[in-house]
Structures are given as structure tokens and as C-alpha cells.
Amino acid sequence: MHLLEISDLVVAHDPRTLERLPVRRDEIVARLTAAGDRRGARIAAGLVCDGDGVLDPYAVDRRLVAVHTELQRLSEELRIGDRIAELLRPILAAVRTADPTSPLRVVDVGCGLGYLVRRLAASGVLAPDGTADAVDLVGVDFNAALVDEADRLARDENLPCRFVRGDAFVLDEPATVYISTGVLHHFPAPDLDGFFAAQAAAGAAAFCHYDIAATGLAPIGAHIFHRARMRDPLGRHDGVVSARRAHDDATLLRAAAHAEGMVPLVYEPRGRSNPFCTTLRPVIGVRPALLPALREALGRGASGRLVGERELR
Ligand SMILES: C[S@@+](CC[C@H](N)C(=O)[O-])C[C@H]1O[C@@H](n2cnc3c(N)ncnc32)[C@H](O)[C@@H]1O
């Protein structure tokens, strides 16, 4: 069965100009029905549209901001900010070892409401001297409503970070390290090759993309967690579909191998981790020259959890 998330269907953009395109409700309902997703089709049939059957863009935006606000609660609970910082700090330390003067920029691709970037900015956890602005923090998303809200929340707290609109496959924002959370499963496996390749071509030192670990328990865990923490049926629906369509480690490693000049690795691969604890884990790409310093910065225990395709087999 082809798995579809409603949030992917309700917004359409011109990939070149990012101009918003009209979306017909009956087409979404038809796609979900054809995919055998009757529950999703029922949720989509309740979306607000005008007399011509075109979705009301303002209602869609309000709904997506509400769903992402609920998603932020999950991220807080799963300590996403702290977990990604545990890997980002050693990655940035390795870059600093190679070139102590190089300016550092972390770009969160598909940042949604920008919780991760805002959390990193607020904590200052990435700066060796504790000052957040030593690392330039940027969130990128193609959804204007989410970017505007991320920006508003950051300004509300006077945080040293910024948010811009952009497509994950175009990468107008150069980065030392590209990161993401909960985004990879939105892309079909064949598109991942280009996603990782673009980051290497853009000159990044590394990337570190966290997504749902494709364990047998993931859909059950997602069901329980999203029921407990999310009220919106659309968010609950998409949360479970996300877990069902998460890419497995081998797929991610094969795709990350398309990042030319980088070593593809996964941290805490499925076969070696506790499925009850490993909800999200990252695929990483790193320039080979940085790998020894990264392993050293991680320490012996954590470094052993970083594996490539050969060790995975
Ligand atoms: C499940 S949400 C995750 C949001 C955020 N990273 C988080 O963890 O809360 C996926 C995000 O990816 C964005 N997205 C999907 N495809 C994208 C693309 N091609 N370019 C930029 N953003 C994209 C969506 O707009 C959405 O905000």
C-alpha cells in the first residue's frame, strides 16, 4: 500500500518559485482512497474549502501550525534538542579541530516551527564558550506559514537564529552541517540520493539527519504517543503513517553514499539498539578527514555506536 501523509497533500508549491498552488479537496480524498486509507480520506473530506472545492489556504495554514505545535510537545518529551546536540557538538568540535577559524553554520532542513533551532539557540549548547551566536543557526522550510510562526516564536524570545523559506533539494543556504528531524520519511527512497548528494555538493562538512527508527514497534509506539499527546486527528493520522513509512538503515546508508566525498554512517543502527528506547536515530555523512576527530570527540562508547554499511551487514 502507498502510504500518504495528509499534511504533504494539503499544500502544493511551485518547486522553482515556491509560489503556493491551489489544492482541490476531492483530489486529496481520491488519492487517499486509492491508497486504501479510508480514515485519512475521511479526515481530508472534512477540510475547509471554497465553493469550487479548493482548500482554504488560511484554514490549512492554521491547522498545520496547530499540528506542528502539538508535534513540538513530542519533540520536547523525546528530548530531541539534547539528543541532536550530543552528536552535533562532537561534529562541530571535529570541524573546529581541522580549522579553528572557520565560521560555523548549522542549517535545519524542513524545520517546521523551528523547535530544534530555537532550542539550540536558547541553550547555547553548541558554542564551546557557551555563547549561542558562535554558531549561525538557520531553519529552512518550504511552508511559509510554518516559517513565519518559527520566526515569530524566535523573535518573541529574542533568540539568535533565523528562519527562511527554501526547498530541501535546492539548498540556497550554505551550511557547515545540515541537520533535520522527522523529515527523511517525507521523501521517497529514490529522492534521498539527490537530497544527500546536494548537501555534499553544497560543500557541507557533515550532515546529521534524525528520523524515526524503522523498528517493528515504531508504528505501535507512534500510535500510543500520538494518541496521548496530540488531539488533532490529522496529526495523529500522519504520526502513525510517518512511523510506517520510515526508511530502514540500509536504505538510508545506500542513499547517503551518494553524498560525494563523505563517509555515510548510522548512529545506533536498528539491529544493535533497544527498540523500546530508540525512537529516532540519525544517518550521518562526514568528510573522511574529520572522522578521527569526530570519533575522538564522541568518546569510545558513543563512537562504537557509529557504524557504516560494512559493519551493518
Ligand atoms: C514532520 S514535519 C517535521 C518538522 C520539524 N523538523 C520537527 O521535527 O518538528 C516535516 C517538515 O518538512 C517540511 N518539508 C517537507 N518537504 C520539504 C521540502 N522539499 N523542502 C523543505 N521543507 C520540506 C514540511 O513543511 C514540514 O515542516
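The following legends describe close-up views of a predicted model.

Residues are numbered from 1 along each chain as its sequence is written, and side-chain values use heavy atoms, with hydrogens and water left out. Because the model is predicted, local features need pLDDT of at least 70 and side-chain atom pairs count only at pLDDT 80 or more, while totals for chains, interfaces and linings use all residues.

**View 1. An aromatic cluster is formed by Phe-169, Phe-187, Phe-195, Phe-196 and Phe-207.** The whole structure holds 5 aromatic pairs; rings of Phe, Tyr and Trp (its six-membered ring) pair if their centres lie within 6.5 Å, and planes under 30 degrees apart count as stacked, over 60 as edge-to-face and the rest as tilted. Phe-195 and Phe-196 form an edge-to-face pair, because their ring centres are 5.4 Å apart and their planes stand at 65°. Phe-195 has 0% relative accessibility and so counts as buried (buried means under 20% relative accessible area, exposed over 50%, partly exposed in between, with a 1.4 Å probe and protein chains only). Phe-196, also at 0% relative accessibility, is likewise buried.

**View 2. The largest nonpolar core contains 42 residues.** A nonpolar core is a set of buried Ala, Val, Leu, Ile, Met, Phe, Trp, Tyr and Cys residues joined through side-chain atoms within 4.5 Å. Leu-137 and Ile-179 have the most contacts inside this core. Its largest share, 9 residues, is supplied by helix H5 (residues 80-98); helices (H or I, at least four residues) and strands (E, at least two) are DSSP runs, numbered from the N terminus. A second, separate core has 27 residues, among them Leu-171, Leu-184, Phe-187 and Ala-255. Neighbours within four places in sequence aside, Leu-137 is in contact with residues including Val-106, Val-117, Pro-160 and Arg-162, where contact means heavy atoms within 4.5 Å.

**View 3. Helix H11 (residues 249-256) is largely enclosed by the rest of the structure, because 6 of its 8 residues are buried.** The buried residues are Asp-249, Thr-251, Leu-252, Leu-253, Ala-255 and Ala-256. Their cover includes helix H8 (189-201), helix H13 (309-312) and the strands E7 (206-212), E8 (263-267), E9 (280-286) and E10 (306-307).

**View 4. Asn-143 occupies the loop between strand E4 (135-141) and helix H7 (144-156).** With 5% relative accessibility, Asn-143 counts as buried. A polar atom of the Asn-143 side chain lies 2.9 Å from the backbone nitrogen of Ala-145. For the backbone nitrogen of Leu-146, the distance to a polar atom of the Asn-143 side chain is 3.1 Å. Apart from neighbours within four places in sequence, Asn-143 is in contact with Val-11, His-13, Leu-64 and Arg-165.

**View 5. In helix H3 (residues 38-45), the buried residues are Gly-40, Ala-41, Ile-43 and Ala-44.** Seen down the axis of H3, these buried residues fall within an arc of 160°, so they line one face of the helix; the arc is that of the directions from the helix axis to the C-beta atoms. Arg-38 and Arg-42, on the other side of H3, are exposed. The elements covering the buried residues of H3 include helix H1 (6-9), helix H2 (25-34), H4 and helix H10 (233-244).

Terms used:
Polar contact = N/O pair within 3.5 Å; in protein donor to acceptor, adjacent residues only side chain to side chain.
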